[in-house]
Structures are given as C-alpha cells and as structure tokens.
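Subject: Structure handover

Hi,

Here is the structure for you to look through. My notes follow below it.

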Amino acid sequence: MAVASPETAIRTSRITRAFIYLFLLLFALFYLLPFGIMLINSVKPLSEITGGNMIALPRDWTIQPWLSAWSTAQIGVEPTGLRPYFINSLMMAIPAVILSTVVGALNGYVLTKWRFRGDTIIFGLLLFSCFIPFQIVLIPMARILGILQIAGTTPGLILVHFVYGIGFTTLYFRNYYAAFPTELVRAAQIDGAGFFQIFWRIMLPSSGPIIAVSFIWQFTNIWNDFLFGASFASGDAAPMTVALNNLVNSSTGVREYNVHFAGAIMAAAPTLLVYIVAGRYFVRGLMAGSVKG
Amino acid sequence: MAATTDTGADFRTRLQTWLPKLVLSPSLAIMLVFVYGFIAFTIYLSFTDSRMLPSFGWVGWENYDRLFRIREWNVALTNLAIFASLYIVISTAIGLSLAIFLDQKIRGEGVLRPIFLYPMALSFIVTGTAWKWFLDPAIGLENTMHLWGWESFTFGWIKDREMAIYTVVIAAVWQSSGFVMAMFLAGLRGIDNEILKAAQIDGASNWNLYRRIILPQLRPAFLSAFVILSHLAIKSYDLVIALTGGGPGNATALPATFMYSYTFTRNQMGIGASSAVIMLMTIAAIMVPYLYAELKEKK
C-alpha cells in the first residue's frame, strides 16, 4: 500500500462543508445532552426539577444531592448511600483486572511465540468465550459459587470476572505479540534464555501499550457489569451498578431525582475518568474487540 | 560428570518444551469447565424438570415446546427482532455518516471524536437512568417543550406499550453509534489516497468516489460492526432493566430479561435454561462463522 495519509483526498464545496459542520454539531449535542442535563440537575434542589425546566441552570446551587447519594441515601433497606458499594466495585474490579491481564499476557505469549499443534483450536475456544451470552452460564455458576461458599461475596464476583475476562485479554496480547519479531525470541533462546526469562526481559518491556489497553478495557467492562452483580451479589456485596439501579428503581415515597443523578454520575465517574485520561487506549481496546488487532 | 550435565540439560530442555503448554493449561481447564462445561450443564438442564433448583428428571423437548407457547417469550422474540434490526441499521447509518463527515479535514475533530464516543465508556445502567428521566413525559423532554410554550408537543413513548421498545432503541443507539463511528473512521483512514486522486483526475464525482471506491473498501468494517452490534443486541439486559424494567407490563421484555425472570424469580429453571440455549444458538450462528473466517485468514 502506498503511503496512506490520515486525511481523505476528497474535496468538498463550501455549502457542503457548512452542512457537515451543522450535522456534526447537532450530533455532538445529541451525545452531550442526556448526560449534561443529568449533571445540571444533580446540583438543583428537588423543587426546581419537578416544578421547572430541565435545561435551565439551577437558581439555588446545592451539593446536598451529592452528599446524600454518597452517604445517606436509602439503598435497599439501609440508608448507607452509595459509598460502600463504590468500594465493593473497586475491591472487585482491581484484582479481577490484574489477574485476567497477567493470565492473558502469558497466554498471548505462548500462543504466538511457542506455537504447537492445535494452538489455533485452543485460541478459538478461548475467543468464542468472549461472545457467549452470559445467561448460558448463570445457573451452573450460581451452583459453583454456592459450593465454593463464595456466593454473594466480592471474591465470588472476582472469580467470575476473572474467568470470563481471560478470553478478551488473551485476544489482546495474542494480536499484539503476533506483530512482535519472533527472531528476537529465537536469538534469546539460542543465548540460553528460558521461557520466563524471555517473557520478563524481552516481551514485557515492550508491552506497555497493550497492558494499558487490557487494563482499561477490563476495568470498564467489570465496573460496568450489571448481570453478574445482580445475579451473584445482591445485598451488602452488591457492586455500584446494582446499587444505583436499586436507588433509582425501588425508592419508596418521593423520587429524589437529583440524588439519582448524582448517584448515576458517581457510578459513571471512574470509567469516564479512565476514558478522559487514556481515551486513545480505550479506542484501541474497542477495535481489538472486533477481533482484528 | 558429563553424564549428569547431560541429563540436567536434558531435563531443562524438556521442561522448556513443556512449560508453554503448562502455562496455557490452567486457562484451558478454566474454559473447559466454566464455559463449555457450564454450557453443557445448562443444555442438559433445559431437558429436565428443574424448577427452583436443578433437578434431573428428563422431560425431553417439553421445555422448548412450552417456551414457544409462552406469550412473554414471543413478545421477547418480536421485541428482539425490532430492537436488533433498528439498533443495527440506525447505529451503522449514524456511525458511517459521522465517520465520513469527520474524515473531511474537520476543524475540531479532536474535540468532536471523544464527544461522540464517550457514551461507550458508561454503564448501561447509567445510560438507562439518564434516558428514563429524559423521556419521562411528566418531567423530561415533553415537560420542557410545554414550558417553552409548545403545548401540543407529546412524547410519551416510554409509557406506551406499543412504542416503549423504540425508546430502548434510542438509548442503545446513543450509547454505541460513536463506537461504530470509530470503527468506520479507522477503515476510512486506511484507504489509499492515491486511488482517490487518480479517480478524481478521471473526473469522478464525490458521490461516485464513495459509492464505487470507498464504501466497497469498508466491507470489513461493515462486517465487524454488524457482528458486534448484533451480539450486543442479543445480550442486551442492563439497559432494559434500567430504562423500562421490561415494562410497561412486559412490553419491552427481551430474551435476556425473560431468561432471568423465569430462572430466578419465577422458579421455572427448565424453561429459563431452554431460553438461554436459544440465545446461545442465535449468537453462535453469527459468531462461529465470523470467528472461523477471521482465524483462517490470519494463519
């Protein structure tokens, strides 16, 4: 392929360009609006939401809804706020992300640099696991967690997310290491370096970007998961998404919309932060999710 | 002396040849148990009389037979057909348009692109919470239009049994069309500009450039978008729970919500398992040929 410049060679007229800008701006508004309005309304007193215009800026700014969502709102039966559930999600996501990334890195290394007969089949088996509807594993998983006595706990959720994260992390590292020069590995082998030495000294130092992709993608997926959280960890061990859903959908009495919005933004904050700080890797992870590396 | 070094070296070499497989084997074991074993177990349960707990009385195809006579399941399948086709078509159309427009040397692309894509980083529960309220006629968009003096404006789809499923489409498109944009944009940036320039010199119009040269080259991106979106659609669960709770009534039930409610709240595990099997088969019908082709290509 000749040098492909990043911009297209298409030329457009002035009127077309005006139309294009208008179209793009309208869509920017479409994407920003629901979240932006939620943000504005999370700092309004409730009376301004139920009796007023959702797009208007608050007349009385208040951080009360945020305080309430964080530490006093009623989630389920206890008025604990979302804080304990936020911590649950962190305690669940961080170990699961690290474990699945380590295992994925080793798998990718083996599947590209130590190939053997049948490795494509193994990779195919791993890959298909990324795409199963998790409904198919819910019933047996509930049983196994019960047998291991970690049903309804954070360690149980760590196990679940680790197990179903391996497919994706392996995919990332395999595609990344496939482009890594195998000659370097062979040369190191001739010099007497062993399996782990090569991984540690040669592969890992150049794996920075893909480790970032794997961390970000796994973190986003695990943090945002609802199905496993709702199935295996209701009550005290519930993750943030489940707690948010409880807050929004089961509140009795007056619906405190402003508190709901503050809670929703709290649930979104970690992944949004990751996206803002490392958006480049996030996009790469999404792309790799479409199998092609 | 020489002999011991030899066996030592021999052992090391043998260990080195076995080590890769040893490292891979726990993952393989985990997959065989937690993915394929579990799938087999669920398939088996779908042929049993399991109710609240798994039980092993064989009933043959009875669960499937009953499943397809349950009204809610048929509602869920119809909803999935409506939801998936609209979701895929609209997300692809918006994603492609945004990508093509962003590719016209746009000023501020660096600002616009992250704005289009950020919803993908959010949880469906957050998306559902935001849209549930935005679409609520009493307090969201409809109310705002009334306050602005457009008294006759009505938009109560989320409360309407016939229309509620379309609000799920709106929220889902909002969440993932930016992702489709990113896939198409990557495809567009990979197209060789020399061909375009040559065609321009031959007098081809922009419309023809896109129709004849650019879009055909985006085939892999179309295929990926289709596969990813259809797989997301079939798995959709969180969004419906947060946006409509499956309601009004069961008007927005999808196979995923059906499976959950039959298995865990209505204690009809056999039926729940059979619905999960149908979901798996649907996804497998799309994913297996795709993955097979991808893996073969790579070799």
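B:Phe184 touches B:Gly95, B:Leu96, B:Ala99, B:Leu218 and B:Ala221, leaving out residues up to four places away in sequence. Touching, or contact, is when the C-beta atoms of two residues, placed from the backbone, lie within 7 Å.

Before the rest, the ground rules. This is a predicted model, where local features need pLDDT of at least 70, side-chain atom pairs count only at pLDDT 80 or more, and totals for chains, interfaces and linings use all residues. Residues are numbered from 1 along each chain as its sequence is written, while chains are lettered from A and ligands numbered from 1 in the order in which they are written.

**Core**

B:Phe184 also belongs to the largest nonpolar core, which has 176 residues. B:Phe184, A:Leu82, A:Ile136, A:Ala243, A:Leu244 and B:Ala99 touch the most other members. Helix H7 (residues 164-189) of chain B gives the largest share, 16 residues. Domain 1 (14-66) and domain 2 (83-289) of chain A each put in at least three residues.

Terms used here: a nonpolar core is a set of buried Ala, Val, Leu, Ile, Met, Phe, Trp, Tyr and Cys residues joined through C-beta atoms within 7 Å. Buried means 20 or more other C-beta atoms within 10 Å of the residue's own, exposed means 12 or fewer, and partly exposed is in between; C-beta atoms are placed from the backbone. Helices (H or I, at least four residues) and strands (E, at least two) are DSSP runs, numbered from the N terminus.

**Chain A**

Chain A has 13 helices and zero strands. Its C-alpha trace spans about 75 × 70 × 30 Å along the principal axes. Of its 293 residues, 49% count as buried. Take the contacts in chain A with a separation of 6 or more: residues 24 or more positions apart account for 75% of them.

The domain assignment of chain A gives domain 1 (14-66) and domain 2 (83-289); such bounds come from an automatic or database assignment. Their centres, taken over C-alpha atoms, are 33 Å apart. Nine residues of domain 1 are in contact with eight residues of domain 2. On the domain 1 side, H1 (14-41), H2 (46-51) and H3 (64-72) of chain A each supply at least two residues. H1(A) gives the most, with three. By class, that side has six nonpolar, two polar and one charged residues. Ala, Val, Leu, Ile, Met, Phe, Trp, Tyr, Cys and Pro count as nonpolar, Asp, Glu, Lys and Arg as charged, and the others, Gly among them, as polar.

**A helix pair in chain B**

The axes of H3 (residues 71-102) and H10 (residues 219-235) of chain B come within 10 Å and cross at roughly 145°. Axes are lines fitted to C-alpha atoms, for helices over the stretch in contact, with angles from 0 to 180 degrees between N-to-C directions. The contact of H3(B) with H10(B) has ten nonpolar, four polar and no charged residues. Among the residues that meet are B:Phe83 and B:Tyr87 in H3(B), and B:Phe226 and B:Leu229 in H10(B).

B:Val89 is also in helix H3 of chain B. B:Val89 counts as partly exposed because it has 14 C-beta neighbours inside 10 Å.

**Between the chains**

91 residues of chain B are in contact with 80 residues of chain A. On the chain B side, helix H1 (residues 2-45) of chain B gives the most, with 17 residues. By class, that side has 63 nonpolar, 17 polar and eleven charged residues.

Best wishes
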